[in-house]
Amino acid sequence: MVIDARGVTLTLGEGDAATPILHGIDLSVAAGSSVALLGASGSGKSSLMAVLSGLERASGGQVRIDGLDFGKLGEDDLARARRGRIGIVLQAFHLLPTMTALENVAVPMELAGVADAFARAEAELVSVGLAHRLTHYPTQLSGGEQQRVAIARALAGRPALVFADEPTGNLDRTTGQQIMDLLFERRAATNATLLVITHDPVLAERCDRVVELADGRIARDTGASAS
């Protein structure tokens, strides 16, 4: 299992301001599979992704990702654990505006110590159809092209696990469909495990499994027997 979460809770704030967000989440995800995480706004989807990706620490329970117990890692070790293991694609792209498409993909790998970072970045951008946009800056790219760069950045390091949080939320329907086709294609090519946060039931049906959250709890899990 690339994801093994047991009894995960998350509470934000302290004292009278404490707000429970996640309530005893149990979730196991097999390597190489694709999972859609559904739920209304405020159901806890993004919070669960933040905990599973190591961007937020669980308040309770255990989170094991790719064999590592995230709860036992210090901040520096946790940051190192994320590198090479986890890729993230977000709705707002989050590309650095002062870097070209190539630099946006290569620099994170270079900082992680990858020797051939720029060669790998170029190959990944070619694979997402951006061979002609390597030296372009984010402001010179369309929304769909920016998300292609974000996908290349997430997958170039060959992570075991890729999170995509509403990856088509800022795109029109046609472009969004192309981006999802690309994301599934690249995930299959790299054998990464994919967890997609979405409101779109059509997109959810493309995944091997659907997990639906409500009020910080799992309300439905089509792969519960596999857990």
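Predicted model: local features only at pLDDT ≥ 70, side-chain atom pairs only at ≥ 80, totals over all residues.
I take buried to mean under 20% relative accessible area, exposed over 50%, and partly exposed in between, with a 1.4 Å probe and protein chains only. Residues are numbered from 1 along each chain as its sequence is written, and side-chain values use heavy atoms, without hydrogens and water.

Entry on Glu124. I located Glu124 in helix H4, residues 117-127; helices (H or I, at least four residues) and strands (E, at least two) are DSSP runs numbered from the N terminus. Its relative accessibility is 2%, so I record Glu124 as buried. Leaving out residues up to four places away in sequence, I list its contacts as Ala152, Leu155, Ala156, Arg158 and Arg186, where contact means heavy atoms within 4.5 Å.

Entry on strand S7. I find five of five residues buried in S7, residues 161-165. Leu161, Phe163 and Asp165 lie on one side, Val162 and Ala164 on the other. S7 pairs in the parallel sense with S6 (residues 86-90) over five bridges, and with S8 over five bridges, also parallel; pairing requires at least two DSSP bridges between two strands. I note Val162 as the bridge partner of Gly87, and Ala164 opposite Val196 in S8.

Entry on phi. Most residues other than glycine have a negative phi. Asp66 has a positive phi near 50° and sits in the loop between S4 and S5. Asn191 has a positive phi of about 60°; I place Asn191 in the loop between H6 and S8.
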